[in-house]
Amino acid sequence: MSLLELTNVSKEFSVGGTTTVYALDDVSLTVNAGETLAVIGESGSGKSTLGRLALRLIEPTRGSVHFQGTDMLALPAAGLRQLRAKAQIIFQEPFESLNPRMRVADIVGEPLAIHQPKTPAADRRSRVARVIDQVGLAPEMARRFPGELSGGQQQRVGIARAIVTEPSLIVLDEPTSSLDLSVRAQILQLLADLQTELGMGYLFISHDIHTVRYVSDRIAVMYRGRVVETGPSERVFADPQHPYTRALLAAALPVDPDQELPPARLVGDPVSPTEKVSGCVLYGRCPVGEDRCVQNEVRLTPFDADRAVACIKPGAPGS
Amino acid sequence: MSAPRQALSRPTNTGQGADREPRLLEVSGLTTRFDTPDGLVHAVNGVDFHVDRAEIVGVVGESGCGKSVTIRSILGLVRPPGRVVEGTARFNGVDLLGLRAAELRRLRGAEIGFIAQNPFSALNPVMRIHRQFANILAAHGIRSDAIARDRARDALADVGIAGPDRVLDGYAHQLSGGMAQRVVIAMAMLLNPAFVIADEPTTGLDLTVQRQILDLIRGLVQQHGRSMLLVTHDLGVVAQYCDRVVVMYAGKVIEHGSVRDVLTSPQHPYTQALVRAVPRPGHPLVHLTGRLPDLVDYPAGCPFQARCPHAFEPCGQVFPEPTTSASGRTYWCHLSQEREAAR
Ligand SMILES: Nc1ncnc2c1ncn2[C@@H]1O[C@H](COP(=O)(O)OP(=O)(O)OP(=O)(O)O)[C@@H](O)[C@H]1O
Ligand SMILES: Nc1ncnc2c1ncn2[C@@H]1O[C@H](COP(=O)(O)OP(=O)(O)O)[C@@H](O)[C@H]1O
Ligand code: SF4
Ligand code: SF4
Ligand SMILES: [Mg+2]
Ligand SMILES: [Mg+2]
């Protein structure tokens, strides 16, 4: 049984009554215990929407979500509360997700107070102090308010709060984007240690492909609300098939100032998320697109035993 | 805390001579504190650096080391309980820190453009994009709506937005992250500033869009001989887009120099750790243990001492003097004396 299973999930937002945003379009994926599934992709491709759906912070328009075999969408409020102790999220915007009027220690301790109210106060305090230390925050930060912290410090508070209940699943939405490299590595190591120790599953959303390569077992690449390529990370990194995956991996900036930057492979802007796409979502920006790419639906199809690609000519030369 | 260092002690710093044109931006001794119930937070502690005309200078350093507070101090955006307690930030010779609020507001926008980290927080969610452009222009004396629309269209075309009217008549939430970031850049460039400050302008954008945005910003900067201060966590961005780089630690500049000098032969132990932390496929991740010192109880001597593998006796006593090479790279570490002695 998978820890988390999303099946044919779509999410449409309606804005201003007249416009529809197609945020997710028929996405299926699973996360197993002890495993990290990384989700990478375009900005606005639906990654955060996917993460929120996985914990039922928002409802899908279509499709189903199962957590440890339980149908999340059928759960009554009480059951959902219980489940929240086992599935946590670290939000992308650290500041907006922290209560500005609570001190760091109370923010980090809140999930314990809600989900494990019988824990003695002294135990709770020492757990909170330990995780604050584990995420690399100084003890005196515990008394500060979120507004008195830098972006990276706020992000660490979000991480501390998510791990304090030792959940089975954590959705990490860009957990390290405002951290510099040395701190980032420290947090990633902490997350990896916790995973080994507690067997947690991670849904790891990130733009940082260097990081993703380190932390993930499998990877799903998203573009405009769809998964366009998926498979074991090492294989996808070593031999990407979808033109978007290829462009994304090639766009990494070398840290060596003497290394020549190759020309950008994708031109133009992604299709607006308010347009319903027929055919391939990359058409128009794809360097090897052709007419037949928009004449028929282009959906995720098995490429080999453990990979799938949504392209009519995967691995085409020139992409 | 150590005494403020003399900016003039740097041999390469020739921009201050009476017969020379002043530097575009010359920050010296900048010190900013936050008076919190727990004590004074020493967020920025005697920061010195400069930006010349037509150059892109990167700023890197551990989160919480004072990059954003440094920028906010220069732009006059530090709010109580924060206060700039010392230092100068001369822009074309004029000390920004001594200006009245209204003068500074005029300068921000007209001469210094600011690109904030999160485009959606920089845009007003309930105001049409066109109004937001018009308001900026109105604050600088351009009140005609028709002229405002023309100027906004041109600015959006410059950032590669086709069909600018659709964007101008809409709201922020209708934009994707990459489009919103372009709109914010267009706003920052609207009044044709000579100097642009960008705080992590591409964090949170995917690499293909990041590439487009950085190429665009660089083009706009180079095309008009502008300069830019670019805060980033990404050493790849520094390597590919910056001319010089400033490395900060615990509210101090600990090394600066040309990108090549700093990235290929870092001298300060913190910079060395930062460069070593760049992930390399097939190698385990390297990280720095420990954390930034307590900025309330700021340590005497070198702020990196608790994490430094080379710390020795003088490090706990005084902040090191700067050492500058012929190419202008400067770093602040007591090891320099040992290195000198060993030569
Ligand atoms: N509440 C909402 N109302 C309307 N549109 C929304 C809402 N939430 C998200 N969207 C839209 O849905 C699409 C997917 O958004 P999402 O936040 O999931 O993107 P993302 O992949 O996380 O992007 P990023 O990499 O920039 O964080 C975007 O076009 C976004 O503007
Ligand atoms: N309003 C505030 N009150 C107290 N401390 C603050 C405030 N804003 C920032 N700080 C502190 O100043 C230091 C530098 O912050 P900042 O410049 O935002 O860091 P960064 O280098 O990540 O941009 C941090 O230790 C932060 O906690
Ligand atoms: S289906 Fe066509 S347009 Fe889409 S990625 Fe493949 S080649 Fe490009
Ligand atoms: S001054 Fe001393 S503690 Fe600081 S970086 Fe140099 S050797 Fe390390
Ligand atoms: Mg997101
Ligand atoms: Mg910052």
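## Confidence in the model

Chain B has an average pLDDT of 87, and 94% of its residues score at least 70. This is a predicted model, and its scores are ipTM 0.75 and pTM 0.82.

## Two pairs of packed helices

Two packed helices are described by the angle between their axes and by the distance between those axes. In chain B, helix α7 (residues 177-189) and helix α8 (residues 207-223) have axes that come within 10 Å and cross at roughly 10 degrees. Angles under 35 degrees count as roughly parallel, and α7(B) and α8(B) are therefore roughly parallel to each other. On the side of α7(B), the contact is made by Gly178(B), Gln181(B), Arg182(B), Ile185(B) and Met189(B), while α8(B) brings Val209(B), Gln212(B), Ile213(B), Leu216(B), Ile217(B) and Leu220(B). Sorted by class, the residues of this contact are 7 nonpolar, 3 polar and 1 charged.

Helix α4 (residues 129-139) and helix α5 (residues 145-158), also of chain B, pack with their axes 9 Å apart and at an angle of about 110 degrees. Because of that angle, α4(B) is roughly perpendicular to α5(B). The residues that meet here are His130(B), Arg131(B), Phe133(B), Ala134(B) and Leu137(B) in α4(B), and Asp145(B), Ala148(B), Arg149(B), Arg151(B), Ala152(B), Ala155(B) and Leu156(B) in α5(B). The contact of α4(B) with α5(B) has 7 nonpolar residues, 1 polar residue and 4 charged residues.

## An aromatic pair

Over all chains, the count of aromatic pairs comes to 5. One of them is formed by Tyr249(B) and Tyr270(B), whose rings lie 4.8 Å apart from centre to centre, with 55 degrees between their planes, so that the pair is classed as tilted. Tyr249(B) belongs to strand β9 (residues 244-249) of chain B and Tyr270(B) to helix α11 (residues 269-276) of chain B, and the pair thus links distant parts of the chain, 21 residues apart.

## The surroundings of ligand 4

Which residues are the closest to ligand 4? Ligand 4 is surrounded by 13 residues, and the closest are Cys302(B), Cys308(B), Cys315(B), Cys333(B) and His334(B). By class, the shell around ligand 4 holds 9 nonpolar and 4 polar residues, with no charged residues.

Definitions and conventions: Residues numbered from 1 in each chain as written. Chains lettered and ligands numbered in written order. Predicted model: local features only at pLDDT ≥ 70, side-chain atom pairs only at ≥ 80, totals over all residues. Heavy atoms only, no water. Axes fitted to C-alpha atoms, helices over the stretch in contact; angles between N-to-C directions. Helix = DSSP H or I, 4+ residues; strand = E, 2+ residues; numbered from the N terminus. Parallel < 35°, antiparallel > 145°, perpendicular 65-115°, else oblique. Contact = heavy atoms within 4.5 Å. Nonpolar A, V, L, I, M, F, W, Y, C, P; charged D, E, K, R; others polar. Near = heavy atom within 4 Å. pLDDT = per-residue confidence, 0-100. Phe/Tyr/Trp six-rings, centres within 6.5 Å; stacked < 30°, edge-to-face > 60°.
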